[in-house]
Amino acid sequence: LVVWDTESGAAICGSPASSHAALCVKWKNGSNTSLVTAGQYTLRLWEFDAPARKLRPTDCHLGSLRRIIQSIVLDDSDSF
């Protein structure tokens with residue numbers, strides 16, 4: 001996962017999205033510092049810290065659920 005500055009075309013920071021394939025990414029609707037990635041058996045919430053140039057992941061524990069997630073839809077208010 002790499003966050004880019006679209007104006008300059010430069011990479012800001014990056015981090016491995018997961019140990020399995022990440023298939024989709026979605027910025028949270030009300031934030032430009034939080035995003036979600038999902039894919040092969042993984043779902044992660046990320047916090048983007050621009051001043052520190054860091055991405056900090058939080059794994060979502062799905063229990064015994066084993067799915068390949070191919071799309072992400074977030075509630076307009078980013079609540080669940």
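Me: Where is the place of Arg53?
Reply: This is a predicted model, where local features need pLDDT of at least 70, side-chain atom pairs count only at pLDDT 80 or more, and totals for chains, interfaces and linings use all residues. Residues are numbered from 1 along each chain as its sequence is written, and side-chain values use heavy atoms, without hydrogens or water. Strands are DSSP runs of E, at least two residues long, numbered from the N terminus. With that in hand, you can find Arg53 in the loop between β5 and β6.

Me: What is phi of Arg53 near?
Reply: Arg53 sits in the turn of the hairpin that β5 and β6 form, with four residues between the strands. Arg53 is a residue other than glycine, yet its phi is positive, near 55 degrees.

Me: Is Arg53 buried, partly exposed or exposed?
Reply: The cut-offs use relative accessible area: buried is under 20%, exposed is over 50%, and partly exposed is in between (1.4 Å probe, protein chains only). Arg53 has 49% relative accessibility, so this residue counts as partly exposed.

Me: In what order do the four strands form the open sheet?
Reply: Two strands pair if DSSP finds at least two bridges between them. In this sheet the pairing is antiparallel, and the order of the strands is β3-β4-β5-β6.

Me: Which are the edge strands?
Reply: Follow the order β3-β4-β5-β6 across the open sheet. An edge strand here pairs on one side only, and that picks out β3 (22–27) and β6 (54–59).

Me: Over how many bridges do β3 and β4 pair?
Reply: Strand β4 covers residues 34–39. Across this pairing, Trp27 stands opposite Leu35 in β4. The two strands pair in the antiparallel sense, and the number of bridges is five.

Me: How far is it centre to centre in the aromatic pair of Trp27 and Phe48?
Reply: A search of the whole structure finds one aromatic pair. Trp27 and Phe48 form this pair, which is edge-to-face with 75 degrees between the planes, and the centre-to-centre distance is 6.3 Å. Rings of Phe, Tyr and Trp (its six-membered ring) pair if their centres lie within 6.5 Å, and planes count as stacked under 30 degrees, edge-to-face over 60 and tilted otherwise. The value to remember for Trp27 and Phe48 is 6.3 Å.

Me: How many residues apart in sequence are the parts that the Trp27 and Phe48 pair ties together?
Reply: Trp27 counts as partly exposed because its relative accessibility is 37%, whereas Phe48 is buried at 11%. Trp27 lies in strand β3 and Phe48 in strand β5, so the pair ties together parts whose separation in sequence is 21 residues.

Me: Where is the place of Tyr41?
Reply: Tyr41 is not a glycine, yet it has a positive phi of about 65 degrees. Tyr41 counts as partly exposed because its relative accessibility is 32%. Its place is in the loop between β4 and β5.

Me: How far apart in space are Gly39 and Ala11, C-alpha to C-alpha?
Reply: Gly39 lies in strand β4 and counts as buried, with 0% relative accessibility. Gly39 and Ala11 are 28 residues apart in sequence, and their distance in space, C-alpha to C-alpha, is 23 Å.
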